[in-house]
Amino acid sequence: MDFCEEMDRRMRDPEFLRHVCFSDESTFHLTGYVNRHNCRYWSQENPHVISEAHTQERQKLNVWAGILGTQLIGPFFIEGNLNGELYLDMLQNLIVPAMRTAAAAQNMVWTDVIFQQDGAPAHFKREVTDYLNQTFPNRWIGRNGPTRWPPRSPDLTPLDFFLWGFLKDRVFR
């Protein structure tokens with residue numbers, strides 16, 4: 001079943017979105033530069049925003065966060081660049097335990113929770129996908145997952161449409 005067919009089937013369930021833990025990572029530059037890669041702005045007018053590109057910034061902080069139902073999961077801070085080993089460790093020791101707590105606080109049955117991640121390279125390391133298949137059998141969305149994330153798709157999570165932009169514009173300016 002392709003992504004569109006699977007999502008169409010799941011979206012017919014009125015509880016579907018409430019049970020998806022949307023997740024993403026973002027980079028915060030501590031020098032005041034705002035990387036708008038993970039910020040989506042909807043407007044009827046062109047705000048004429050000018051965005052500088054700096055690829056050699058040294059002072060930065062990488063952050064993972066998720067949203068499950070009405071609760072924020074994390075944020076969890078990432079030392080250095082995210083790779084498969086670090087992501088697997090975060091999943092096992094930080095992310096999934098926090099998701100279980102958030103699900104219980106919202107009276108969700110754990111076997112109804114669906115985990116979503118995008119196609120970042122660290123997300124599809126073999127050990128990561130094995131862990132996701134064990135922890136979320138047939139209940140995760142991602143690259144090569146049981147519900148596939150569309151290749152070369154833009155990020156489609158609430159984190160991109162609210163959280164990252166809010167934090168970058170309000171906290172780091």
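Strands are DSSP runs of type E with at least two residues, numbered from the N terminus. The structure is a predicted model, in which local features require pLDDT of at least 70, side-chain atom pairs count only at pLDDT 80 or more, and totals for chains, interfaces and linings use all residues. Residues are numbered from 1 along each chain as its sequence is written, and side-chain values use heavy atoms, with hydrogens and water left out.

Arg148 belongs to strand S6, which covers residues 147-148. Its relative accessible area is 46%. Arg148 is therefore partly exposed, the class between buried (under 20% relative accessible area) and exposed (over 50%), computed with a 1.4 Å probe on protein chains only. Asp118 is 30 residues away from Arg148 along the chain, and their C-alpha atoms are separated by 9.4 Å.

Phe28 is part of strand S1, residues 20-29. Phe28 counts as buried because its relative accessibility is 3%. In sequence, Phe28 and Lys60 are 32 residues apart; in space, their C-alpha atoms are 5.5 Å apart.

Strand S2 spans residues 60-68 and includes Asn62. Asn62 has a relative accessible area of 10%, so this residue is buried. Its side chain reaches the backbone oxygen of Gly80 at 2.8 Å. Contacts (heavy atoms within 4.5 Å) were then listed for Asn62, leaving aside neighbours within four places in sequence. The partners are Ser26, Thr27, Phe76, Phe77, Ile78, Gly80 and Asn81.

How values were computed
Helices (H or I, at least four residues) and strands (E, at least two) are DSSP runs, numbered from the N terminus. A polar contact is a pair of N or O atoms within 3.5 Å; within protein, one must be able to donate a hydrogen and the other to accept it, and residues adjacent in sequence count only if both atoms are side-chain atoms.
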